[in-house]
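Here are my notes on the model, as numbered points. Please read them with the structure open beside you.

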Amino acid sequence: MVRTKLIALAVAALCATPALADEELLYLTSEPGEARLLEADLNRDYFSLATYVESEQILTFCGPATVAAVANALGIPRPSPDRLYPWTLFTQDTLFNEANQKLKPYAMVEHEGLTLAELDTFIENAGLAAEHHFADETSVDELRKAIKETLEDRDARFVANYSRKALPQKGDGHISPVGAYDEETDSVLILDVAKYKYPPVWISVEKLHEAMMLVDEGSNRSRGFVKVSVQ
C-alpha cells in the first residue's frame with residue numbers, strides 16, 4: 001500500500017503543469033491563462049502565430065524557429081521545401097539561404113544560436129523588414145509602447161530576445177514571438193518555441209524588460225527585441 005501511494009505521488013509530480021512549479025508565471029495551459037488570452041485587448045497576433053509556431057528542432061534554434069513562424073504568419077512568399085513539394089512553407093532549414101549561411105552558417109547557429117543583431121539580419125535575409133532594439137537603450141515605457149504598436153499592426157510581429165533566468169525558468173538566452181498583450185495586467189503572452197520545455201506564458205512587461213536586460217555573452221550586450229514587418 002505504501003509503495004502504491006509513493007508511485008501515485010511520483011506520477012502526480014511528473015504530470016504537474018509548469019504553472020504549479022513556477023508560481024510567478026501564468027501559463028496559457030491554466031484556466032486563468034486561457035481566460036486572460038480571451039479577454040486581452042490585443043490578442044489577434046496569437047491566432048496567426050499559434051498556427052505556425054513549431055518547436056525548435058535543435059536546442060539553439062529558437063531564432064530560426066521564431067523567424068519561420070513569424071514569416072509564415074505574415075504571409076510573405078514562401079519557399080517550397082523538397083519534402084513538402086508542391087506546397088510552400090518557411091521551415092527552420094529553409095531559412096538558411098545563401099545570405100544567412102554567409103551571415104552565420106548552420107553549424108555555428110547550431111553551436112551558439114543567434115545574437116540580437118544577427119537575428120535582425122537573419123530576418124531581413126528571409127525577406128522581411130526588421131528593427132532591433134537593445135533593452136539597455138529602451139525604458140520599460142518604451143518597451144510597452146513598442147509592444148502595443150506592433151500588435152496593433154496587422155503587418156507586423158514582435159519578437160522577444162530575453163534570458164529565462166529573470167522569469168524564472170530553467171535555461172538562459174532565448175528567442176520567441178509575442179502573441180498578445182493584456183492592458184489590465186500589463187502582461188504579454190510569449191509563445192515559447194521550446195514547446196517541449198514550456199507552454200506559452202504570460203509575464204509582465206516590467207519582468208520582460210528585466211529579462212531582456214541580462215547580458216548576452218555572445219555579443220556582450222543586453223538582449224532586447226525586434227519589430228518585424230512586411231517590406
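1. D141 counts as exposed, because its relative accessibility is 55%; the classes are buried for under 20% relative accessible area, exposed for over 50% and partly exposed in between, with a 1.4 Å probe and protein chains only. The side chain of D141 forms a salt bridge with that of R144, at 2.8 Å from N to O. A salt bridge here is a side-chain nitrogen of Lys or Arg within 4 Å of a carboxyl oxygen of Asp or Glu. R144 and D141 are about one helical turn apart, because three residues separate them in helix 9 (residues 140-152). Helices (H or I, at least four residues) and strands (E, at least two) are DSSP runs numbered from the N terminus.

2. The model is predicted: local features need pLDDT of at least 70, side-chain atom pairs count only at pLDDT 80 or more, and totals for chains, interfaces and linings use all residues. Residues are numbered from 1 along each chain as its sequence is written, and side-chain values use heavy atoms, with hydrogens and water left out.

3. R144 and D186 are both buried. D186 also has a positive phi, near 50°, though it is a residue other than glycine.

4. A further salt bridge joins the side chains of D172 and K165, at 3.9 Å from N to O. D172 is partly exposed, at 29% relative accessible area, whereas K165 counts as exposed at 54%.

5. Two cis peptide bonds deserve a look. One joins Y85 and P86, with omega about 10°; P86 lies in the loop between helix 5 (62-74) and helix 6 (98-103). Another runs from L167 to P168, with omega near 5°, and P168 is in the loop between strand 3 (156-163) and strand 4.

6. N220 is not a glycine, yet its phi is positive, at about 60°. The residue is placed in the loop between strand 7 (215-216) and strand 8 (221-222). N220 counts as exposed, because its relative accessibility is 64%.

7. Is N43 buried or exposed? At 18% relative accessibility, N43 counts as buried. N43 is in the loop between helix 3 (31-39) and helix 4 (44-52). Leaving out residues up to four places away in sequence, N43 touches L37, L38, G179 and A180; contact means heavy atoms within 4.5 Å.

8. For the whole chain, the secondary structure comes to 10 helices and nine strands. Of its 231 residues, 48% count as buried. Among contacts between residues at least 6 apart in sequence, 64% join residues at least 24 apart. The C-alpha trace spans about 65 × 40 × 35 Å along its principal axes.

9. On charge, the chain has 22 positive and 37 negative side chains, and the centres of the two sets lie 5 Å apart. Lys and Arg count as positive, Asp and Glu as negative, and His and the chain ends are not counted; each charge is placed at NZ of Lys, CZ of Arg, CG of Asp or CD of Glu.
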